[in-house]
Amino acid sequence: MAKENAQNLIETSDYIGHHLVNLTFGWCEKTSSWGFANHQQELFKGLDSACKVSEMGFWSFHLDTIFMSILLGAVVFGFFGLVNRAAKKGVPSKLQNFAEFVHEFIASAVNSGYHGTSKIVGPLAFASCLWIISWNLMDLLPVEMASFFGHFGGGFNYFKILPTADLNAPLALAIVVMVLVTYYSVKTHGAGGFLKELFVVPLGPLEFISYVSKHVALALRLYGNLFAGEMIFILIAIMFGQFAMSFSQTLWFLPGLILNLSWALFHILIVALQAYIFMMLTIAYLNLASTKH
Amino acid sequence: MNINATFFAELLAFCIFVFITYRYIWPSMENLLEDRRKEISDGLEAASQSQRKLEEANKESATILDGAKVEASSLINQANSRADQIVDEAKEQAAEEAKKIKLSAEADIEQSANKAKDGLRDEVAALVIAGAQKILDKEINAKANKDIIDSLIKKI
């Protein structure tokens, strides 16, 4: 019994581990070559490297994150681009109506939150909000689906479809915001004024720490929420796994079903809310940066 | 959680998507909505203007109608008075005519009375002559006594 439990534990941690590893393509020190992490895929035989994911250094790419984020971006921005191209001034079509509704929603948030003159804030808020929502929506797809199709359809043993659960993606967004905030701060207050603000008034270097941390927090908040959500989906999925493993665990099926459904419903809120929060904070930070105070 | 070169790919992708939004999506949508807003406000303005025009036209038509009513009633009055006048004239004419007819009738009557008197006189004269002839039963020359009888007749 104890042995069986231990076995189950290993399988469970393996399962979780499996779902938390990205499809990685990177530089392997051992063989001094580029390639997929060991045993992650069976599609490109020649590109399988000897390194595991953990042995790859900074120069590696999470291909699933990159692929999914660009695919989702292409879908979302392609949709808005096409609708805009077909848009007409008269009575709008339903799709156009939807696009206009989204635009108006974001534009009103920008107009009420940002009082500067920059023309980039609207597009930045629009792009970040919609891109993040499209990422987050991937969390509502069944956790096992991507692995299933990745494995049987593409020969990939590891495939994470949720770009938000990979810190690189939210961090990239937050860094873009940070660069813009820095740019507009310097533009508004001058380089000297900005540095003075960071290091002198009113609490000295503490201001600098807060400056950095608020941007890191912007990324971590989004990442943390979605990562945790994904984690809970994985844990719920394990219940179904238990059901599949032995008949005595059939009892887990119903609670699993209820939990999955309720968590998914609740998660819809998080999906939209986190994107909204990211957008509003972006607007607020840029507003602070580009207005005198 | 490991940060690696994926970060740069995401950075690049985000910049590209922001640029696409900045270049192709955001401004055209803003323009579209601004145009629509203007069109709608123009439409509302035009609607209220035409509403005003309608009210003005209503007022105008009401005044025209009132004027027409006044004119019509004055016309009716005029017509009535003219009709009265015509009737009066006709009455007058009729009266005159009647008078004329009466006069000519009286003249006729007088004439025929005179005629009848003449006839009667002649007849009476003849009767008188016959009576006298019978009375006298003599050979009285009718001619010789005519003067006497004529003077008799004239006395009648």
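Predicted model: local features only at pLDDT ≥ 70, side-chain atom pairs only at ≥ 80, totals over all residues.

**Stop one: across the chains.** Select B:Arg36 and A:Glu100. They form a salt bridge, and their closest N and O atoms are 2.8 Å apart. You're looking at a link between chains here: B:Arg36 sits in helix α1 of chain B, while A:Glu100 belongs to helix α3 (residues 94-113) of chain A. Buried or exposed? Both B:Arg36 and A:Glu100 are buried.

**Stop two: another crossing.** Now pick A:Glu104 and B:Arg37, a salt bridge with its closest N and O atoms 3.3 Å apart. A:Glu104 is in helix α3 of chain A and B:Arg37 is in helix α1 of chain B, so this pair also joins two chains. A:Glu104 is partly exposed at 38% relative accessible area, and B:Arg37 is partly exposed too, at 43%.

**Stop three: inside one helix.** Go to B:Asp118 and B:Arg121, whose side chains meet in a salt bridge (3.3 Å, N to O). They're three residues apart in helix α1 of chain B, so about one helical turn separates them. B:Asp118 counts as partly exposed, with 38% relative accessibility, and B:Arg121 does as well, with 34%.

Zoom in on B:Asp88, in helix α1 (residues 6-136) of chain B. B:Asp88 is partly exposed, with a relative accessible area of 44%.

How values were computed: Residues numbered from 1 in each chain as written. Chains lettered and ligands numbered in written order. Heavy atoms only, no water. Helix = DSSP H or I, 4+ residues; strand = E, 2+ residues; numbered from the N terminus. Buried < 20%, exposed > 50% of the residue type's maximum accessible area, 1.4 Å probe, protein only. Salt bridge = Lys/Arg side-chain N within 4 Å of Asp/Glu carboxyl O.
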